[in-house]
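Please look at the model before reading on.

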Amino acid sequence: MQRTRVSHRLNAWVRHHRLSAADSLRRVLERPTASLLTWLVVGIALALPVSLALSMDNLRALGGRVDSQAQLSVFLRPAVDAVAGQALAEELGQRADIATATFRSREEALEEFRARSGFSDVLGGLEDNPLPHLLLVVPRDPAQAAALAAEIGALATVDEVILDLAWLERLRRLTELGARLVLVAALLLAAGVLLVLGNTIRLAVEGRREEIEVTRLVGASDAFVRRPFLYSGLWYGIGGGVVAALLVAAVFAALRGPVAQLAAAYGADWRLAGLGLIDAFGLVLAGGALGLIAAWLAVGRHLRLDPRG
Amino acid sequence: MITFERVSKRFEGGHDALRDVSFEIGADELVFLTGHSGAGKTTLLRLVMLLEQPTRGRVLVNGRDLSRVARRGIPAHRREVGVVFQNHRLLFDRSVFDNVALPLYIAGYDHREVGKRVRAALDKVGLLRHERAMPLTLSGGEQQRVGIARAVVGRPPVLLADEPTGNLDPALSAEIMTLFEDFSRVGVTVLIASHDLALISRLRHRIITLREGRLMGAPA
């Protein structure tokens with residue numbers, strides 16, 4: 001028996017990895033239809049939760065923009081004139097718990113409304129400006145906004161304070177729920193991918209049972225037997241990841257135009273964020289990892305069935 | 001080289017395949033193992049290959065007590081024991097060369113060394129011109145010789161053969177046996193299970209006979 005030195009064994013190990021990788025890839029490519037189907041199944045299963053998660057990210061980004069602008073709209077009583085309003089704004093701006101307080105006169109408000117709402121024709125027909133003077137108050141701590149609103153609302157010059165936190169809260173809760181749903185869907189679909197790939201590898205193991213037995217009889221270790229199947233799993237997984245990345249890119253490319261138009265219709269400068277290059281790479285890696293795990297589980301079950309090792 | 005010390009093997013269900021078997025085979029010996037089918041020949045070989053473990057007793061190969069070989073040590077042990085199967089057990093999806101090279105790839109030899117050793121082994125069994133052939137295109141005798149080349153290509157100190165001439169005509173069988181004698185002559189321990197008494201009695205080597213799991217003619 002040959003004494004194998006460490007370097008010899010390392011070389012042998014690297015060589016077998018290379019051989020296994022190439023041989024597995026050849027086997028995957030030898031049956032293009034079957035492999036393509038596997039890739040598509042894995043790709044679609046991965047693309048679904050990723051697309052959902054990306055949509056959630058976009059929603060959250062939108063929510064975040066609104067959130068950072070969380071402010072009180074303080075409507076002054078009609079009797080209050082612009083000078084008094086200005087003074088109140090300055091007074092409020094001095095307070096420690098208020099970041100900024102801006103006075104917006106009723107004329108400015110009308111102008112802005114006209115520009116942004118698209119109702120300029122209708123508004124032009126009005127004889128009188130129906131809008132009151134307005135203070136825009138941004139609290140230092142958004143959590144204190146409600147208390148602040150109550151306090152300011154109690155002032156004699158203030159008609160009404162609108163703090164529309166409710167819909168923000170609802171949006172946040174909805175995105176949280178959405179994120180949870182995405183997580184559940186991702187877990188279920190990942191389990192599905194594991195089963196599909198595991199079954200594919202299991203069939204490959206069945207088809208090469210004689211080869212496995214013979215290689216074990218002539219002295220192959222578990223790792224040696226397992227290796228080509230692990231690579232098969234890796235190739236299926238990576239291929240599936242690539243398909244998933246392409247699918248997601250295609251879906252978002254198709255959505256980008258309509259979303260931009262929708263945003264424009266609301267006068268918002270907002271773009272749909274798609275899958276970045278790094279995310280796409282991560283997706284491919286995730287596919288590969290799933291493939292490896294599936295192969296490991298599938299082969300592990302079958303190694304135990306072999307003649308007593 | 002191969003030592004059995006009071007080895008018994010009882011399978012689940014109570015069938016006794018081997019009962020209290022003891023013998024010793026020296027390093028340069030060629031020994032025939034004979035007996036009716038079901039006498040325990042295959043079980044005995046499987047114990048040497050560590051495909052089974054004895055219920056009682058000890059098996060030693062090359063001085064190593066096989067009961068002390070851990071599961072992860074089994075592949076290394078099998079690389080020291082070349083095995084020739086009755087039904088060849090060749091892989092039909094690859095060439096003669098790749099079949100013979102399999103143990104070398106497993107042991108981790110590099111390309112050049114594999115080529116050299118495979119060709120030497122194929123030359124030894126007279127199949128060098130067929131290295132690129134697929135096993136199915138070969139005759140039964142040729143396939144068996146590919147199996148022998150695969151068994152010896154890693155130069156194991158021990159060579160086992162289970163009915164290596166089972167499906168061959170007498171002339172081919174004699175040829176195969178000559179090959180085994182050649183390996184024995186260069187120091188390989190050879191143990192051949194065969195019920196071809198006519199053939200093996202002509203060759204002058206020790207014969208171990210099993211009957212219903214017991215060694216015949218063994219000192220009591």
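**Reasoning about chain B**

Q: Why can the radius of gyration of chain B be said to agree with a compact globule?
A: In this predicted model, chain B has a radius of gyration of 17 Å, and because a compact globule with 220 residues would have one near 17 Å, the value agrees. Along its principal axes, the C-alpha trace of chain B spans about 50 × 40 × 35 Å.

Q: Why does His88(B) count as buried?
A: A residue is buried if 20 or more other C-beta atoms lie within 10 Å of its own, and His88(B) has 23 such neighbours, so His88(B) counts as buried. His88(B) lies in the loop between β6 (81–84) and α3 (96–107) of chain B. Of the 220 residues of chain B, 45% count as buried.

Q: Why is Arg155(B) called partly exposed?
A: The cut-offs are 20 or more neighbours for buried and 12 or fewer for exposed; Arg155(B) has 17 C-beta neighbours inside 10 Å and therefore counts as partly exposed. Arg155(B) is found in the loop between α5 (140–152) and β7 (158–162) of chain B.

Q: What makes the phi of His88(B) worth noting?
A: The phi of His88(B) is positive, about 65 degrees, although His88(B) is not a glycine. Arg155(B), a residue other than glycine, also has a positive phi, near 50 degrees.

Conventions
Residues are numbered from 1 along each chain as its sequence is written. Chains are lettered from A and ligands numbered from 1 in the order in which they are written. This is a predicted model: local features need pLDDT of at least 70, side-chain atom pairs count only at pLDDT 80 or more; totals for chains, interfaces and linings use all residues. The radius of gyration is taken over C-alpha atoms; the globule rule is 2.2 Å times the number of residues to the power 0.38. Helices (H or I, at least four residues) and strands (E, at least two) are DSSP runs, numbered from the N terminus.
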